[in-house]
Amino acid sequence: MMNVLEECRVSPPPNAVGEKSLPLTFFDLLWLHLHLVQSLFFYKFPHSKTHFIETTIPSLKHSLSLALKHFYPFAGNLLFPPNLREPEIHYVDGDSVSLTFVESNRDFDYLIKNHQRKIAHFHPLVPQLPPVSVQQGTIVAPVFAVQVTLFPNSGISFGFTCDHVVADGNAFIRFIRLWATIHKLQREPLMLEGEILPFYDRTMVKDPNKIGSIFWQHQQKSKFVGYRPLLPTSNILAAFLLSQADLQRLKKRVMVQCPTLLHVSSFTVTCAYTWTCIVKARAWSGEEVSENELEHFGFVADCRACLDPPLPENYFGNCLVPCLLTAKSTHLIDEDGFIIAANLIGEAIQEKLGSKKGVLEGLDKWVVNFSSINMERAVGVAGSPRFSVYDIDFGLGQLQKREFISIDETRSISLHEGKDNKRDIEVGLSFPKIKMDAFASIFTNGLSVYD
């Protein structure tokens with residue numbers, strides 16, 4: 001049962017920002033009309049409903065307002081002007097974020113475990129974005145919403161829904177980290193400068209090959225009429241941990257089999273091992289897999305440091321280059337499937353980051369390449385172990401769990417660092433029950449092969 005305690009709007013402090021506009025770069029346009037990102041952070045909260053209403057709610061609202069002063073685009077709107085002009089992110093004084101406080105009688109401890117859980121139990125914990133409006137012919141679309149859910153005397157969850165056009169994971173986590181720090185300290189940090197605050201100068205993103213124009217020509221074929229809500233499915237959500245010892249054994253196997261492969265990282269072997277287990281689970285769970293079926297694996301790489309000129313780490317927006325790999329199902333199901341996948345992923349990273357032509361080589365063809373793949377046979381990646389999300393401290397103790405709810409629709413896996421050991425990697429998935437059971441067996445038993 002869900003009980004709404006308060007619905008409100010939170011703005012930056014009055015006159016703290018002024019009117020601002022941010023044009024979309026080609027990095028942002030890449031995400032236009034794609035999925036919303038929905039995620040959850042769970043913290044223990046051994047306090048009563050009264051304490052939550054009287055103390056926590058006012059503190060969260062105030063600290064969010066102060067954080068939005070520096071990360072104002074989250075309070076702004078995505079504007080689609082008439083006459084097919086390119087959209088932009090726009091903020092005016094008084095724009096705000098939808099913030100909802102809710103009470104739930106769900107079992108908090110059940111929700112934060114790695115075991116199999118119904119993903120339908122998580123959907124009510126993330127907010128929907130406010131409705132889109134039309135003002136003088138311009139479509140005005142909110143881009144961010146927050147829901148804080150109380151599990152009395154047990155815990156609270158922070159649910160976020162965000163349009164990826166506004167920010168990538170790097171920028172989003174910086175915002176959440178600042179909000180958490182302000183809430184913990186009950187004031188803004190004394191030293192707010194350097195990499196802590198966002199860098200907004202879009203003129204630093206150079207586009208000599210007019211990639212933005214190419215993306216916009218494609219994107220404007222689909223008129224934006226509003227966000228489609230992500231509806232719950234009957235799928236099962238579960239998380240699997242690869243320990244540092246597991247990762248080292250997987251790396252050792254790859255380095256023996258592929259001695260010339262330079263990029264054999266924890267990310268490489270995690271993605272390769274998980275991808276092959278997913279493909280095998282499809283076959284084991286009864287899905288039809290033909291001999292020449294093509295499987296696709298996609299991921300993105302932060303390229304702030306690789307551009308010319310490089311962008312600072314605190315650049316706000318999207319700065320991701322995509323990589324898309326393809327292999328035959330039968331090759332990944334075979335005994336050497338993990339090695340084949342690791343080689344593909346490692347070579348793709350080497351080629352993208354080590355290319356003499358730069359990380360943007362081939363990006364202009366991405367939209368065409370992406371639209372041609374069979375999404376039923378595609379796996380993506382959400383999140384990154386590099387973000388150290390389990391360090392985000394609202395003054396509520398350690399983060400107990402982070403979940404990506406949007407992977408239920410995007411067919412992605414989620415990646416985080418381990419909660420108790422940063423060198424571990426936590427892999428999250430959402431599958432039908434029969435497929436999840438098959439995956440769990442393959443994933444767990446497969447690791448014993450590399451002992």
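How many bridges pair β17 and β18, and in which sense? I looked this up in the model, which is predicted. β17 and β18 pair over four bridges, in the antiparallel sense.

**Entry: β17 and its parallel neighbour**

I turned to the other partner of β17. Strand β15 (residues 378–382) pairs with β17 (residues 412–417) in the parallel sense, over three bridges. Here Val381 has Ile413 of β17 as its bridge partner.

Is β17 mostly covered or mostly open? I found that six of its six residues are buried. In a regular strand the side chains alternate between the two faces of the sheet, so I checked each face separately. Ser412, Ser414 and His416 lie on one side of β17, Ile413, Leu415 and Glu417 lie on the other, and all are buried. Both faces of β17 are therefore covered, given that buried means under 20% relative accessible area.

**Entry: β12**

I followed β18 (residues 425–431) to β12, with which it pairs over seven bridges in the antiparallel sense. Within this pairing Ala239 stands opposite Gly428 of β18. I also looked at β7 (residues 117–118), which runs antiparallel to β12 and is joined to it by two bridges. Lys118 has Ile236 of β12 as its bridge partner. β12 (residues 236–242) is mostly covered, with six of its seven residues buried.

**Entry: helix α9**

I compared the length of α9 with expectation. This helix (residues 337–354) has 18 residues, which at 1.5 Å a residue should span 26 Å. Its end C-alpha atoms are 25 Å apart, so the two values agree.

Which elements do the buried residues of α9 pack against? I listed α6 (244–257), α7 (266–284), β13 (294–302), β14 (320–328) and α8 (329–333). The buried residues of α9 include Phe338, Ile345, Ile349 and Lys352.

**Entry: a surface patch**

Finally I examined the surface. Leu34, Phe370 and Met375 form a nonpolar patch there, with about 230 Å² of accessible area together. Phe370 belongs to helix α10 (residues 366–371). I recorded Phe370 as partly exposed because its relative accessible area is 30%.

How values were computed. Residues numbered from 1 in each chain as written. Predicted model: local features only at pLDDT ≥ 70, side-chain atom pairs only at ≥ 80, totals over all residues. Heavy atoms only, no water. Patch = residues over 30% accessible without salt bridge, like charges linked within 9 Å, V, L, I, M, F, W, Y side chains within 5 Å. Areas by Shrake-Rupley, 256 points an atom, 1.4 Å probe, with all protein chains shown as cover. Salt bridge = Lys/Arg side-chain N within 4 Å of Asp/Glu carboxyl O. Buried < 20%, exposed > 50% of the residue type's maximum accessible area, 1.4 Å probe, protein only. Expected span 1.5 Å × (residues − 1). Contact = heavy atoms within 4.5 Å. Pairing = 2+ DSSP bridges.
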